[in-house]
Amino acid sequence: MIYEYKGKHPQIAESAFIADYVTISGDVQIGEQSSIWFNTSIRGDVAPTIIGDRVNIQDNSVLHQSPNNSLIIEDDVTVGHMVILHSAIIRKNALIGMGTTILDQAEIGEGSFIGAGSLIPQGKKIPPNSLAFGRPAKVIRQLTEDDLKDMTRIRREYVEKGQYYKGQQEANNKKNS
């Protein structure tokens with residue numbers, strides 16, 4: 001479901017895939033070839049949420065903000081299943097593992113990998129190309145070339161899956177109209 005909130009309408013790129021049972025409301029922007037997967041909630045009813053190009057927000061994730069504190073997700077980011085993002089900045093090419101929570105004014109550096117189940121506390125900065133893990137998360141090491149290749153593979157696969165599902169969605173809509 002797509003909802004307007006107090007005159008703010010979500011702006012969703014035509015090439016983005018929005019799965020069934022997703023709720024998007026208010027001041028939300030979603031970029032080209034991004035995919036928002038089943039049962040995700042993105043509420044832009046407090047501050048803007050900006051999602052770049054080729055971002056995948058996987059199933060059952062929740063995205064929200066605090067007053068005057070946007071949520072920004074740059075291009076080519078992977079957000080795993082059941083992630084909570086709240087008024088943070090996720091730099092390009094980052095991967096956020098399943099079940100992670102990232103709180104207000106935290107910043108995940110470009111190309112970083114946050115391990116599954118982690119908690120990034122308010123205001124925490126994770127440097128670029130780092131592996132961070134834990135509750136609260138700590139930087140474990142710098143990423144290897146193999147890590148970066150795997151993250152690229154995951155991003156590419158989600159763009160491909162999203163575009164496949166988008167095509168299925170469009171075909172079903174034509175068939176039913």
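**Figure 1. Contacts along the protein chain and its overall dimensions.** Among contacts in the protein chain between residues at least 6 apart in sequence, 11% join residues that lie at least 24 apart. The model shown here, as in each of the following figures, is a predicted one. The secondary structure of the protein chain amounts to one helix and 20 strands. With a radius of gyration of 16 Å, close to the 16 Å that the globule rule gives for 177 residues, the protein chain is as compact as a globular protein of that length. The C-alpha trace of the protein chain spans about 55 × 35 × 20 Å along its principal axes, and 45% of the 177 residues of the protein chain count as buried.

**Figure 2. An open sheet of eight strands.** The eight strands follow the order β3-β5-β7-β10-β13-β16-β19-β20 in an open sheet, and their pairing is mixed. At the edges stand β3 and β20 (137-142), each of which has a single partner strand, so one side of each is left without a neighbour in the sheet. Within this order, strand β16 (residues 113-114) pairs with β19 in the parallel sense, over two bridges. In that pairing, F113 stands opposite L131, a residue of β19.

**Figure 3. Strand β4 and its parallel partners.** Strand β1 (residues 2-3) and strand β4 (residues 23-30) run parallel and are joined by two bridges; here Y3 has S25 in β4 as its bridge partner. Strand β2 (residues 11-12) also pairs with β4 in the parallel sense, over two bridges, and in this case I12 stands opposite I30 in β4. Between β4 and β6, which likewise run parallel, there are seven bridges, and Q29 stands opposite I50 in β6.

**Figure 4. The pair of F17 and Y165.** A search of the whole structure finds seven aromatic pairs. In one of them, F17 and Y165 form a tilted pair, with 5.5 Å from centre to centre and 35 degrees between the planes. Because F17 lies in strand β3 (residues 17-18) and Y165 in helix α1 (residues 145-176), the pair ties together parts that are 148 residues apart in sequence. F17 counts as buried, at 2% relative accessibility, whereas Y165 counts as partly exposed, at 36% relative accessibility.

Figure 5. W37 and Y158 form an edge-to-face aromatic pair, with 5.7 Å from centre to centre and 85 degrees between the planes. This pair links distant parts of the chain, since W37 is in the loop between β5 (35-36) and β6 (41-51) while Y158 is in helix α1, 121 residues apart. Is the pair of W37 and Y158 buried or exposed? Both W37 and Y158 are buried. The ring of Y158 has a further neighbour in K161, whose charged end sits over that ring, 4.8 Å from its centre.

**Figure 6. The largest nonpolar core.** In soluble globular proteins, nonpolar side chains tend to be buried together. The largest nonpolar core of this model has 39 residues, and those that touch the most other members are I30, I73, L85, I90, I102 and I108. At least two residues of this core are supplied by each of β3, β4, β6, β9 (71-73), β13 (95-96), β19 (130-134) and α1.

**Figure 7. I73 and the residues around it.** I73 lies in strand β9 and is buried, with a relative accessible area of 1%. Which residues does I73 touch, not counting residues up to four places away in sequence? They are I50, I51, G52, V55, I57, L63, L85 and I90. Two of these contacts, L85 and I90, are, together with I73, among the residues that touch the most other members of the largest nonpolar core. From C-alpha to C-alpha, I73 and D53 are 9.2 Å apart in space, and they are 20 residues apart in sequence.

Conventions:
Residues are numbered from 1 along each chain as its sequence is written. This is a predicted model: local features need pLDDT of at least 70, side-chain atom pairs count only at pLDDT 80 or more; totals for chains, interfaces and linings use all residues. Side-chain values use heavy atoms; hydrogens and water are left out. Rings of Phe, Tyr and Trp (its six-membered ring) pair if their centres lie within 6.5 Å; planes under 30 degrees apart count as stacked, over 60 as edge-to-face and the rest as tilted. Helices (H or I, at least four residues) and strands (E, at least two) are DSSP runs, numbered from the N terminus. Buried means under 20% relative accessible area, exposed over 50%, partly exposed in between (1.4 Å probe, protein chains only). A charge sits over a ring if NZ of Lys or CZ of Arg is within 6 Å of the ring centre and within 35 degrees of the ring normal. Two strands pair if DSSP finds at least two bridges between them. A nonpolar core is a set of buried Ala, Val, Leu, Ile, Met, Phe, Trp, Tyr and Cys residues joined through side-chain atoms within 4.5 Å. Contact means heavy atoms within 4.5 Å. The radius of gyration is taken over C-alpha atoms; the globule rule is 2.2 Å times the number of residues to the power 0.38.
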